[in-house]
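Here are my notes on the model, as numbered points. Please read them with the structure open beside you.

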Amino acid sequence: MDGLSSTALPASDAVVIDNTARRMPQTPPPKRRRRFGIALRITLGLSVMALLVLLIGGVSMSSFRLFRAEVAALSTNTLPEVITSAELHGSLQKLVAQLPQLAAAASTPQRRSIYDGLVTELDSMQLLVARMRGLMKEGDPGAGERDGNVRLLEQTRSTLLILAATVADLNAEVTRQIDYGDRQAEAARALSRLAAAIESMPDTGAWAARIGALMARAAGATQLDHLSRLKGEARSAERTLAELARLSGGAPDPTGQMMSTVQEELFSLLVAPGGLFESAIDRLQARNRAQALTGQAQVLVETVERSTRALYDSIRDQSAERTDALAALIAERTRTVMVLAATSLLLAVCVYFFFRRFLSTRLVAMNRAVLARLSGNRQPPHCGMAAPAGLPVPVPVDGDDEITDIGASIRYFIEEIDRRQQALADNERRFRDLVEGSIQGIVIHRDFHVLYANDSFAAMLGMTVAEVVALPSLLSVVAATERQALIEGYDRLLENGQSTPRRRIRACRSDGAGLWVELTGRRIDWMDGPAIQAVVVDVTREVEAEHALRQSRDAAERALDELKATQASLIQAEKMASLGQLVAGVAHEVNTPIGITITGASQLQTLIGELSDRHTANALKKSDFQRFLSDGMEMASLILSNSTRAANLVQSFKLVAVDQSSDERRPFLLRDYIDELLRSLHPTYKARTALTIDVACPADLELDGYPGALSQILTNLIMNALVHALDPEQPGRIAIAARTLGPDMVELSVGDDGNGIAPDVLPKIFDPFFTTRRGAGGSGLGLHIVYNLVTGRLHGTIGVESHPGEGTRFTLRFPRVTATA
């Protein structure tokens with residue numbers, strides 16, 4: 001750090017100055033005379049600038065008040081409305097999640113818990129609606145958008161009231177369903193006890209066999225989900241009991257009497273009021289009513305969803321408009337403040353030139369005189385001769401103002417400056433000690449020849465400072481692979497002068513041991529030219545820690561290989577997800593005919609009630625009866641047609657869904673199965689009126705294999721065409737064709753006339769997790785599942801032909817009779 005010593009005075013000069021200062025008389029500073037020249041000028045300039053500052057402050061304060069008023073309006077009305085509407089939408093989502101749970105409740109505690117939760121959510125939504133009404137009353141009553149929001153809010157409130165009543169009815173039906181289920185279970189247990197008692201009876205031949213068959217058939221019939229079949233089983237059981245009564249009548253006592261007792265008890269358990277069949281029928285009817293109410297509740301929830309969504313969008317748009325108005329206000333006031341600031345800057349420039357003319361030039365002249373005075377006491381850095389020491393240099397003073405006083409004061413403080421130069425030299429020595437004692441290595445070099453090094457740098461290399469300075473080049477302690485990079489960095493640093501980022505290199509100690517150091521450098525002026533100062537830190541321990549970290553990374557890569565094993569489970573999850581989409585679409589489609597059926601049944605009940613009231617009051621007319629017959633036939637026709645439509649949809653869905661969720665093998669007709677599949681998928685594409693799906697398949701083409709796998713394949717190919725190939729607003733066509741290839745092979749093709757597949761994408765479409773719709777919900781598993789099912793389950797092959805803009809055609813070839821897996 002020898003360069004810092006250039007600011008210190010030589011010892012001899014310092015002694016001379018100190019002695020001279022002691023000989024000079026210590027005159028007090030001159031008394032300041034009162035003048036008004038410079039002070040008046042400065043006061044005038046500062047006053048004008050203060051006026052501009054006050055004007056800027058006034059405009060800023062006014063803008064702040066307007067801004068605060070707008071922010072207060074946003075925080076007290078608009079923001080609470082947005083938050084409340086968002087909470088209302090969130091409560092609705094909780095309600096949507098809990099509705100199916102109520103219909104599926106299997107016990108009274110579970111039903112009560114779910115129903116209490118639904119009632120709580122409905123009450124919470126009513127409170128949110130009331131809070132929103134209060135916020136809207138506090139807002140601007142004349143805004144047209146707010147009137148629309150009030151109407152949406154009233155619609156939401158009325159729909160919530162209807163939904164609450166529907167949920168209460170659904171709870172009642174679920175309660176009946178659970179009660180009837182408990183009765184059915186109790187009857188089943190009694191039937192089991194009776195069966196045990198019959199086994200202990202003496203052998204009664206055919207009567208005992210028919211009794212056992214009847215009890216087994218009754219136990220199985222109670223598991224049926226079809227109401228008409230269950231009623232048929234009940235009537236069949238009643239007929240069987242009657243036949244058994246005739247058999248027991250011809251048996252001798254006491255066997256005949258025991259048989260009669262068993263038959264009577266079996267009659268009370270099975271077909272008597274409150275028996276097993278009646279409980280099962282009542283439970284199934286309650287379940288059907290609960291499903292209908294669930295569908296109605298979902299329709300109401302969708303209505304509330306649309307209302308709340310429209311309300312939220314409207315409130316958000318109003319908030320955005322108000323925020324834009326606030327932003328425009330801020331921009332306008334900002335421009336005003338900027339104009340005033342520019343005016344202030346212009347005034348400051350004028351003041352600057354004014355002060356420079358009458359103040360700064362004189363001060364500069366005085367400063368030069370002071371520097372000349374100081375250079376007479378030591379050797380100046382830019383001059384080769386020494387000024388005479390010990391003689392005071394007169395400071396030029398002219399004029400009759402405050403600057404004259406400053407000049408006189410400078411004369412007084414020159415001696416003080418001389419004394420303090422000695423203190424500066426002492427501080428320099430302390431700074432040198434601080435650098436020498438640093439724990440970081442510091443080295444200064446020029447062309448890698450050491451000019452200075454501290455003890456810490458020498459200790460890193462296992463040398464003394466003298467040994468480091470004696471090195472021919474610092475490159476000798478650096479690994480050979482690092483030397484060229486260090487030379488290039490040295491050249492760049494000398495060229496641009498910017499500090500280099502930290503660099504980690506391999507070095508070696510004097511004893512041959514290696515170490516890692518981290519260094520950074522900067523260009524400095526040292527002695528007679530530029531040099532490089534480097535700060536060096538020993539990071540050997542950090543490098544060893546990084547090596548351990550790389551080993552941990554290798555272990556993580558091995559764990560990644562294990563994660564790939566979960567790919568098969570993800571594929572299975574994708575299959576179940578497609579089945580879930582099918583369930584959602586069919587459920588939405590069935591809601592419409594069931595809702596119409598409920599409405600027709602309700603209207604028919606009303607007509608019957610009115611006819612009964614007129615008959616009771618003896619006011620029934622022939623015209624009334626004829627109108628009742630006409631309206632009743634219309635309602636019955638409406639109920640029958642929509643019930644039939646719902647039953648067909650459920651039957652098609654049941655066939656396809658059971659096949660998709662199971663691996664059962666069976667023979668089936670391909671054309672009928674494709675029609676059933678398209679009927680189940682119809683809810684997913686019914687909104688596309690311009691879409692046509694053509695099926696060309698022989699009606700008698702029968703396959704023996706796995707219909708679930710074929711259903712999954714066709715579903716994925718059709719959905720892939722709807723999502724990727726065909727635009728919803730444009731006409732499109734999907735063609736499904738099947739034909740036989742010889743006696744044992746079948747060819748099935750699915751084609752479309754859509755966008756086609758790009759040539760660079762076509763080879764990758766069957767790869768797992770490859771998708772062109774990564775940000776739009778695509779998983780990349782659909783066609784991979786198709787490939788696995790065709791080649792694995794069906795033991796076949798699949799090919800694809802596609803040209804951009806001309807459509808895509810998938811061709812499957814597989815055996816007519818699939819080999820057993």
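1. Helix α12 has the length it should have. This is a predicted model, and α12 covers residues 480-496. Its 17 residues should span 24 Å at 1.5 Å a residue, and the end C-alpha atoms are 26 Å apart, so the two values agree.

2. Which residues of α12 are buried? They are Glu482, Leu486, Gly489, Tyr490 and Leu493. These residues cover an arc of only 110° around the axis, so they sit on the same side of α12. Their cover includes four strands: β1 (441-446), β3 (503-508), β4 (514-526) and β5 (529-538). Past the helix comes Gly497, with a positive phi near 75°.

3. Asp447 deserves a look. Its phi is positive, near 55°, and Asp447 is a residue other than glycine. The residue lies in the loop that joins β1 to β2 (449-453).

4. Next, the pair α17 and α18. Helix α17 takes in residues 707-725, and helix α18 takes in residues 782-793. Their axes are 9 Å apart, and the packing angle is about 150°. That angle makes α17 roughly antiparallel to α18, because angles over 145 degrees fall in that class. The crossing of α17 past α18 is left-handed.

5. Which residues make this contact? From α17 come Ala709, Gln712, Ile713, Asn716, Leu717 and Asn720. They meet Gly782, Leu783, Ile785, Val786, Leu789, Val790 and Arg793 of α18.

6. Helix α18 can be checked for length too. It has twelve residues. From first C-alpha to last it reaches 16 Å, close to the 16 Å expected at 1.5 Å a residue. Its buried residues are Leu783, His784, Ile785, Val786, Leu789 and Val790.

7. What follows α18? His795 does, with a positive phi near 55°. His795 is a residue other than glycine. It lies in the loop between α18 and β11 (797-803). At 42% relative accessibility, His795 counts as partly exposed.

8. Helix α17 also packs against α16, residues 670-685. Here the axes come within 11 Å and cross at roughly 45°. That angle makes α16 oblique to α17. The crossing of α16 past α17 is right-handed. On the α16 side the contact is made by Leu670, Tyr673, Ile674, Leu677, Leu678, Leu681, Thr684 and Tyr685. On the α17 side it is made by Pro707, Gly708, Leu710, Ser711, Leu714, Thr715, Ile718, Met719 and Leu722.

9. Where is Glu173? Glu173 is found in helix α4, residues 144-199. Its relative accessibility is 9%, so Glu173 counts as buried; the cut-off is under 20%. Setting aside neighbours within four places in sequence, Glu173 is in contact with Ala286, Arg289, Ala290 and Leu293.

10. Ala696 is in strand β7, residues 691-696. At 45% relative accessibility, Ala696 counts as partly exposed. Leaving out neighbours within four places in sequence, its contacts are Ile736, Ala737 and Ala738.

11. Last, the whole protein. It has 18 helices and twelve strands. Of its 821 residues, 36% are buried. Among contacts with a separation of 6 or more, 70% are between residues 24 or more positions apart.

Key:
Residues numbered from 1 in each chain as written. Predicted model: local features only at pLDDT ≥ 70, side-chain atom pairs only at ≥ 80, totals over all residues. Heavy atoms only, no water. Helix = DSSP H or I, 4+ residues; strand = E, 2+ residues; numbered from the N terminus. Expected span 1.5 Å × (residues − 1). Buried < 20%, exposed > 50% of the residue type's maximum accessible area, 1.4 Å probe, protein only. Arc of directions from axis to C-beta. Contact = heavy atoms within 4.5 Å. Axes fitted to C-alpha atoms, helices over the stretch in contact; angles between N-to-C directions. Parallel < 35°, antiparallel > 145°, perpendicular 65-115°, else oblique. Left-handed = near helix turned anticlockwise from the far one by under 90°.
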